[in-house]
Amino acid sequence: MDPVEFIEAKKEGLEHKPDEIKGFIAGYVRGDIPDYQMAAWLMAVNFNGMTDEEVLALVETMIESGDRLDLSNIEGIKVDKHSTGGVGDKVSLILAPLAASCGCIVPMISGRSLGHTGGTLDKLESIPGMRVNLTKEEFINQIEKIGVSMIGQTEELVPADRKMYALRDVTATVKSIPLICASILSKKIAEGIDALVLDVKTGSGAFLKEYALSKKLAYKLKSVGEKFGLKVRAVITDMNQPLGSTVGNWLEVVESIDVLKGNGPRDLVEVTVYLTCWMLILSNLASDIKTAEEIVLEKLRNGSAYEKFLEIVSSQGGDVSFIENPQKYKKAKVIKGVKSTKSGYVISIDTERIGKCVFELGGGRKKIEDKIMPEVGLEVKAKISDYVHKGDVLCIAHANSEEKYQRVSDMILSSFEISQQKTSQPPLFYETL
């Protein structure tokens with residue numbers, strides 16, 4: 001095939017045939033098609049979209065680019081959860097051990113930071129010694145032993161997505177619905193699951209900020225997933241403000257530990273519990289939300305979820321002493337509050353800008369090769385509808401230099417809109433599809 005003609009066709013808004021998609025993706029994985037041509041095609045898709053048939057062909061082609069895990073020897077329904085990305089979204093760190101403690105079988109393959117959002121793998125790797133690059137055999141053995149494993153893509157699993165994912169992050173093609181759909185579902189189907197709970201974010205900190213687009217993505221993910229034989233539930237949740245109280249890799253691990261011990265901020269707990277309930281329902285471990293919630297809350301109360309997290313960390317080489325005593329972790333060099341310059345109610349938060357603040361501090365990647373500083377980040381002290389006085393702390397920045405702190409302080413201040421007119425808290429949940 002001629003890759004230039006292929007790119008030109010999508011640039012003109014034409015529909016690809018399945019064998020054309022297969023040839024282009026296969027050529028890219030082999031190295032015959034360079035990054036710059038893939039980047040050009042990704043941009044064409046970003047602008048012109050893909051039909052349902054094209055998305056199905058793309059998902060299938062990406063799955064076929066590598067191995068598929070066979071978990072059929074593990075008895076029971078295998079269920080995973082995926083978020084479309086948010087700021088302060090540490091749900092997976094809590095949900096995976098929580099669901100496993102309830103009896104779910106959870107093979108979780110996650111991603112790294114993308115755009116302005118943090119990645120589950122980066123958060124896990126902030127735990128000293130924690131391995132997320134298990135082999136296929138280690139991954140399966142751990143699921144058989146403790147019911148859950150949390151890793152990144154292996155070299156053999158959907159290599160097409162691994163290459164495209166990194167390229168999308170640095171070519172401004174993250175927000176395309178067909179590409180999001182193909183990336184998520186190719187990995188989830190290849191990992192051998194039977195059921196999937198999707199947390200589709202909407203609002204100022206989501207990739208798709210407009211509700212109509214978030215809903216379109218939720219429907220697309222559900223319909224394509226079901227065509228591949230998955231049981232799928234999609235929940236549209238709010239991302240008009242950071243989830244929980246922390247943004248930044250190690251800070252989010254610490255907050256997750258707090259939730260696993262039965263504490264933590266209300267919004268984070270409610271979102272995590274609700275998504276976990278759907279995992280139980282899809283696993284046939286509960287018949288309805290009320291029954292599932294009783295089971296889930298009990299596992300938080302009695303310490304089972306926390307103990308399961310310790311098992312995960314220990315099984316994957318992590319030093320559990322940092323989970324048991326988080327205060328011994330290396331701290332950022334400058335920990336200082338950013339104070340409000342006026343009194344009033346917080347009526348909106350530019351959550352994407354808050355996410356970018358953490359990247360400016362060194363908590364995310366601007367380039368593929370960037371090294372993350374796990375100790376930096378923000379503690380969010382004011383949420384929408386809160387009243388703040390002039391001089392009250394809006395966020396506490398954890399920075400590794402005064403210069404970095406100064407760089408983000410103005411960004412933080414401009415992220416909070418403060419008014420004399422009070423507004424209500426946005427709902428945590430919008431729709432469950």
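A: A disulfide is a covalent bond between the sulfur atoms of two cysteines. The structure holds zero disulfides, a disulfide being a pair of cysteine sulfur atoms within 2.5 Å. This is a predicted model, where local features need pLDDT of at least 70, side-chain atom pairs count only at pLDDT 80 or more, and totals for chains, interfaces and linings use all residues. Residues are numbered from 1 along each chain as its sequence is written, and side-chain values use heavy atoms, leaving out hydrogens and water.

Q: Is Cys 277 buried or exposed?

A: Cys 277 is buried, at a relative accessible area of 1%. Buried means under 20% relative accessible area, exposed over 50%, and partly exposed in between (1.4 Å probe, protein chains only).

Q: How are two packed helices described?

A: By the angle between their axes and the distance between the axes. Here helix H5 (residues 91–101) packs against helix H14 (residues 304–315) at about 110°, with axes 8 Å apart. Helices (H or I, at least four residues) and strands (E, at least two) are DSSP runs, numbered from the N terminus. Axes are lines fitted to C-alpha atoms, for helices over the stretch in contact (heavy atoms within 4.5 Å); angles run from 0 to 180 degrees between N-to-C directions. H5 and H14 are therefore roughly perpendicular; angles under 35 degrees count as roughly parallel, over 145 as roughly antiparallel, 65 to 115 as roughly perpendicular and the rest as oblique.
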